[in-house]
Amino acid sequence: MAWLKKLLGAVIVLGGAGAVAGWFLSAPVRLDAATLAGLGPGDAAKGKRIFYAGGCTSCHSKPGAEGDARLQLVGGLELKTPFGTFVPPNISQDQKDGIGAWSEADFANAMLKGVSPSGGHFYPAFPYASYARMKPADIADLYAFMKTLPAVAGKAPDNKLSFPFNIRRGIGLWKRLYLSPEPVIALPDGTPDKVLAGRYLVEGPGHCGECHTPRDFAGGVKKAEWLAGAVAAEGSGVVPNITSGEGGIKDWSEADIANYLETGFTPDFDSVGGAMVEVQKNMAQLTADDRAAIAAYLKAIPPHPNGYPARKPAS
Amino acid sequence: MRKLVIAISMLAFAGSAAYADPIKDRQALMKERGKLAGQISKMVKGETPFDGAAALDALKAMQANAEKFDVDTLFPAGSDKGDTTAAPKIWEDMAGFKATEDKFTADAKAAVAAAPADADALKAQLNTLGGDCGTCHQTYRIKKS
């Protein structure tokens, strides 16, 4: 029976070591002092552009809000996903229910590292895996702009997630796999500035890849199928392929893409639909140059066939 | 007697299936809306010169299309199955669906009544109508492929 005791001992030691390692590996990591020092005071006027590029209002305004009510970031939308229901919180300037008491450093840690002021992990339904690619100066500008928005009282309901996704600490391991400030698509030297500007908007604040790219079993985006379209994580149906591959938008010119983002009409005058309706409202607030940059980037990225299964024949 | 009733109702069902295809009908009307929006958009963007009479014709056709779009006939129970991108939400919230359609009809009517005098006026109307398209497609349509 000695061998059994040895085995048991080994299992306990290894398991214990694994748990200790897991604990350290899953610890929230904040921004370093140098990055925080480089934030500087933001410019609210410039931050407005980042606010719309980032699409904050699509998830954080009250569902169905129109016009100026979209600036009341009270939260409460229910995102029903295979992991459970995520409820975007109140990020208005309310001191108690919102983020009115957050410092600029708190805000930067949330946006770039997915870490809350109290040191916990945010769920990546908050798309910090994309925001991590943003420039600290843009984070500072966004913070300044959000300071100008109204304080609205009221806490949104909590997330309703199933095990094991309800263990926040586990997100630390997820971050080790998927959180990186590096661009997704490496572009060669001599790439036009317009395409680079588009890459920043799409991969960073715009967080297009969060819905338009299929995900692996652990919920990380499959960078090898970047923007190839995906089965919708929330609700039903699919999110379209926006590369130039089979099933994608090869036939769209750059002007078509920019026009779609501005007006909501596709080249054959179908209209924007689904969750993209809110996104397009935000894109319409950007400058024509920003929309043209997004279009130029989408035409420059590697083409992929659809990242979702073909439609089943009608039954 | 019972057999006869069943036979008649089966014939009637077969007949309605053969003569009316609400999915095709509603798709044809939607396609026409898109085509009209395309004509208007060309003038808004200056790809074709602004022509008040042609713009008004397009808006009138849009209004006629909207008035033909009878939700009860085009979205009968059971027509959520088949080659359609209509969302189940239509039948769960028929009143809400009809309200968005009614808004489109009202906006098309208002556009005709206002008879746009220049490309800018037409642009404002196209934005309103396009916004209605998006509002409805946000909730009541599912992208499937």
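The area buried between chain A and chain B in this predicted model is about 1,700 Å², with 57% of it from carbon and sulfur atoms. Buried area here is the accessible area (1.4 Å probe) that two parts lose on being put together, summed over both. Chain A gives 18 residues to the contact and chain B gives 21 residues, where contact means heavy atoms within 4.5 Å. Between chain A and chain B the count is 1 salt bridge, a term for a side-chain nitrogen of Lys or Arg within 4 Å of a carboxyl oxygen of Asp or Glu. Its partners are Arg141(B) and Asp270(A), at 2.9 Å from N to O.

This is a predicted model in which local features need pLDDT of at least 70 and side-chain atom pairs count only at pLDDT 80 or more, while totals for chains, interfaces and linings use all residues. Residues are numbered from 1 along each chain as its sequence is written, chains are lettered from A and ligands numbered from 1 in the order in which they are written, and side-chain values use heavy atoms, with hydrogens and water left out.

Over all chains the structure holds 18 salt bridges. One of them joins the side chains of Glu66(A) and Lys281(A), at 3.8 Å from N to O. This pair links distant parts of the chain, 215 residues apart: Glu66(A) is in the loop between helix 4 (56–60) and strand 1 (79–81) of chain A, and Lys281(A) is in helix 12 of chain A. Helices (H or I, at least four residues) and strands (E, at least two) are DSSP runs, numbered from the N terminus.

Helix 2 (residues 22–44) of chain B packs against helix 7 (residues 119–140) of chain B, and the axes of helix 2 and helix 3 (residues 52–68) of chain B also approach and cross. Axes are lines fitted to C-alpha atoms, for helices over the stretch in contact, and angles run from 0 to 180 degrees between N-to-C directions.

| Helix pair in chain B | Angle | Axis distance |
|---|---|---|
| Helix 2 and helix 7 | about 150° | 10 Å apart |
| Helix 2 and helix 3 | roughly 160° | within 10 Å |

Helix 2 and helix 7 of chain B are therefore roughly antiparallel, the class for angles over 145 degrees. Helix 2 of chain B passes helix 7 of chain B in a left-handed crossing, one in which the near helix is turned anticlockwise from the far one by less than a right angle. Residues in this contact include Met30(B) and Ile40(B) of helix 2 and Leu122(B) and His137(B) of helix 7 of chain B. By class, the contact of helix 2 with helix 7 of chain B has 8 nonpolar, 2 polar and 1 charged residues. Nonpolar covers Ala, Val, Leu, Ile, Met, Phe, Trp, Tyr, Cys and Pro, charged covers Asp, Glu, Lys and Arg, and the others, Gly among them, are polar.

The crossing of helix 2 and helix 3 of chain B is left-handed. Among the contact residues are Leu36(B) and Met43(B) of helix 2 and Leu59(B) and Met62(B) of helix 3 of chain B.

Two loops of chain A hold backbone features. A cis peptide bond joins Phe163(A) and Pro164(A), with omega about 0°. Pro164(A) lies in the loop between strand 3 (160–161) and helix 8 (171–178) of chain A. Phe269(A), in the loop between helix 11 (254–263) and helix 12 (276–283) of chain A, has a positive phi, near 60°.

Note on methods
Parallel < 35°, antiparallel > 145°, perpendicular 65-115°, else oblique.
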